[in-house]
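Subject: The structure for you to look at

Hi,

Here is the structure I promised to pass on. Have it open while you read, and I'll go through what turned up.

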Amino acid sequence: SNRNPLRPYTPIGTLTDIDLFLQKIKNPFVQLHIVNPRFEEVQVEFEVHFHDNMDETFYRNLLDLEIEQFLCPWAWDLNQKLVLGGKINKSTLINFVEERPYVDFVSCFKLHHILRDDNGTIVGKFTDLEEVAASSARSVLVSHFDEANLAAPRHLIEVVQTCNC
């Protein structure tokens, strides 16, 4: 029932029920704050060349989707757990992209970390990183997602015939 499966928020009523239950059994010296996770976006930007005779539009869209599935496996597989905290390395994502059977080569690879406030406004964007680490223990790294344009690609993938770097 989530509006956006990449950001699986728990309804406020459920959070309140959890808080009421835990208040009854917690140590009196413990302060609890029952909140949803903070979702921090990961976005990749790179150039890619596909093997000969591959439909560029189809495989560009497929690659965008597969990166999203790699970063947010719980959105497609209920057996996958949402991971709080954590980090992702640029080299891990490069390797993932290069392993796609339709990809010939990748170049100019950049990894971005986007932070938003509770209203969805970007409050920080860190570009061309070697590693993205969650900024808090309650943060979850997710694929970039444009709420205003649901059909927009998540990642900045340029299909090239030769390396332009």
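Let me start with a question: how do the residues of the lining of the second largest pocket divide into nonpolar, polar and charged? There are eight nonpolar, three polar and two charged residues in that lining. Before going further, please keep in mind that this is a predicted model.

**The pocket**

The second largest pocket holds about 240 Å³ of space. Its lining is made of 13 residues, and those closest to the centre are Phe70, Leu71, Trp74, Val83 and Leu141.

**The overall picture**

Now zoom out. The protein has three helices and seven strands, and from the N terminus on they come in the order α-β-α-β-α-β-β-β-β-β. Taken along the principal axes, the C-alpha atoms fill a box of roughly 65 × 30 × 30 Å. Of the 165 residues, 35% are buried. If you take the contacts between residues at least 6 apart in sequence, 70% of them join residues at least 24 apart.

**How the strands pair**

With strand S3 (103–116), S1 runs antiparallel, and nine bridges join the two. Look for Glu45, which stands opposite Lys110 in S3. With S6, S1 pairs in the parallel sense over five bridges.

His113 stands opposite Phe126 in S4. The hairpin of S3 and S4 has five residues between the strands, and Gly120 takes a positive phi near 90° in this hairpin. While you are looking at strands, a handy rule is that in a regular strand the side chains alternate between the two faces of the sheet.

**Is S6 enclosed or open to the outside?**

S6 covers residues 139–143, and five of its five residues are buried, so the strand is largely enclosed by the rest of the structure. "Buried" here means under 20% relative accessible area.

**One face of a helix**

Next, helix H3 (residues 90–98). Which residues of H3 are buried? They are Lys90, Leu93, Phe96 and Val97. Viewed down the axis of H3, these buried residues fall within an arc of 125°, so they line one face of the helix. What do the buried residues of H3 pack against? Their partners are S1, H2, S2 and S3.

**A few single residues**

Met54 sits in the loop between S1 and H2. Its relative accessibility is 27%, so Met54 counts as partly exposed. Leaving aside neighbours within four places in sequence, Met54 is in contact with Tyr59 and Tyr102. Met54 and Tyr102 are 48 residues apart along the chain, yet 7.4 Å separates their C-alpha atoms.

Cys108, in strand S3, has a phi near 55°, which is a positive value in a residue other than glycine. With a relative accessible area of 27%, Cys108 is partly exposed.

Finally, have a look at Gln31, in the loop between helix H1 (12–25) and S1. Is Gln31 buried or exposed? At 68% relative accessibility, Gln31 counts as exposed. Gln31 and Leu15 are 16 residues apart along the chain, and their C-alpha atoms are separated by 15 Å.

Happy exploring!

Note on methods
Residues are numbered from 1 along each chain as its sequence is written. This is a predicted model: local features need pLDDT of at least 70, side-chain atom pairs count only at pLDDT 80 or more; totals for chains, interfaces and linings use all residues. Side-chain values use heavy atoms; hydrogens and water are left out. Buried means under 20% relative accessible area, exposed over 50%, partly exposed in between (1.4 Å probe, protein chains only). Helices (H or I, at least four residues) and strands (E, at least two) are DSSP runs, numbered from the N terminus. Two strands pair if DSSP finds at least two bridges between them. On a 1 Å grid over the protein atoms alone, a cavity is a set of points where a 1.4 Å probe fits but cannot get out, and a pocket is an open set with protein on both sides within 12 Å along at least five of seven lines; lining residues have an atom within 4 Å of a point. Grid points are joined across faces, edges and corners, and a volume is the space filled by probe spheres set on the points. Ala, Val, Leu, Ile, Met, Phe, Trp, Tyr, Cys and Pro count as nonpolar, Asp, Glu, Lys and Arg as charged, and the others, Gly among them, as polar. The arc is that of the directions from the helix axis to the C-beta atoms. Contact means heavy atoms within 4.5 Å.
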